[in-house]
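Trainee: I have this one open and would like to go through it. Where do we start?

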Amino acid sequence: MNTASSISTDRLHTVWATLKYTYAIVPIVAGIDKFTHLLTDWDKYLSPIVADIIPFSPHTFMLIVGVIEIIAGILVLLRPRIGGYIVAAWLVGIAINLVTTGEYFDVAVRDLVMAIGAFGLSKLSETDRPEGGIAERADYGRGQMIG
């Protein structure tokens with residue numbers, strides 16, 4: 001028998017799973033692309049302010065960024081509560097970097113919106129939800145918490 005509560009839990013779990021896989025796959029793909037440049041030339045998005053501060057070339061910096069993004073995506077898969085907060089903070093940092101370029105304001109806004117979604121993933125992943133719901137359903141039968 002489906003109650004309103006179980007239907008609501010199913011819907012929340014669908015949202016949680018969609019956010020989890022989105023915020024895992026997108027950073028991993030973007031991180032890998034820092035090495036291949038198939039999607040874009042990532043080096044152009046680095047602020048001149050940052051480029052002047054770092055002790056190595058912008059390209060080397062972006063390769064390091066790629067590795068961090070891959071790790072962040074994997075963390076979202078394994079620990080979505082913590083990973084979501086890290087990805088949210090990372091996206092805010094990217095947005096700040098983009099604003100300081102004097103260009104790419106549209107991309108900065110998009111990254112801030114994405115940061116809100118990653119924050120939402122973390123909040124949905126908290127294990128102390130009074131109705132149980134998502135934290136109990138995420139691991140189907142293993143009884144583990146998701147965050």
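Mentor: With terms: helices (H or I, at least four residues) and strands (E, at least two) are DSSP runs, numbered from the N terminus. This is a predicted model, in which local features need pLDDT of at least 70, side-chain atom pairs count only at pLDDT 80 or more, and totals for chains, interfaces and linings use all residues. Residues are numbered from 1 along each chain as its sequence is written, and side-chain values use heavy atoms, with hydrogens and water left out.

Trainee: OK. How many helices and strands are there in the protein chain?

Mentor: The chain has 6 helices and 0 strands. Read from the N terminus, the order is α-α-α-α-α-α.

Trainee: And what share of the residues is buried?

Mentor: Of 147 residues, 37% count as buried. Buried means under 20% relative accessible area, exposed over 50%, and partly exposed in between (1.4 Å probe, protein chains only).

Trainee: Take α3. Which of its residues are buried?

Mentor: Met62, Val65, Gly66, Glu69, Ala72, Gly73 and Val76. Seen down the axis of α3, they fall within an arc of 130°, so they line one face of the helix. The arc is that of the directions from the helix axis to the C-beta atoms.

Trainee: What span should α3 have?

Mentor: Its 21 residues should span 30 Å at 1.5 Å a residue, and the end C-alpha atoms are 30 Å apart, which agrees. The expected span is 1.5 Å times one less than the number of residues.

Trainee: Back to Leu78. Which residues form the nonpolar patch on the surface?

Mentor: Leu78 is one of them, with Tyr21, Ile25, Val29, Leu39, Ile74 and Leu77; together they have about 670 Å² of accessible area. Those areas come from the Shrake-Rupley method with a 1.4 Å probe, and for residues only the protein chains shown count as cover. Patches are made of residues with over 30% relative accessible area and no salt bridge, where like charges are joined within 9 Å and nonpolar side chains (Val, Leu, Ile, Met, Phe, Trp, Tyr) within 5 Å. A salt bridge is a side-chain nitrogen of Lys or Arg within 4 Å of a carboxyl oxygen of Asp or Glu.

Trainee: Which helices supply at least two residues each?

Mentor: α1 (4-36) and α3 (58-78). Ile74, for one, lies in α3 and is partly exposed, with a relative accessible area of 40%.

Trainee: Switching to rings. How many aromatic pairs?

Mentor: Rings of Phe, Tyr and Trp (its six-membered ring) pair if their centres lie within 6.5 Å; planes under 30 degrees apart count as stacked, over 60 as edge-to-face and the rest as tilted. The count comes to 4 aromatic pairs. Phe56 and Phe61 form a stacked one, 6.4 Å centre to centre with 20° between the planes. Phe56 is partly exposed at 34% relative accessible area, and Phe61 is partly exposed at 22%. Ring pairs also link Trp42, Tyr45 and Tyr104 into a cluster.

Trainee: Where does Tyr104 lie?

Mentor: In the loop between α4 (80-99) and α5 (105-124). Tyr104 is not a glycine, yet its phi is positive, about 60°. His37 also has a positive phi, near 55°, and is found in the loop between α1 and α2 (48-53).
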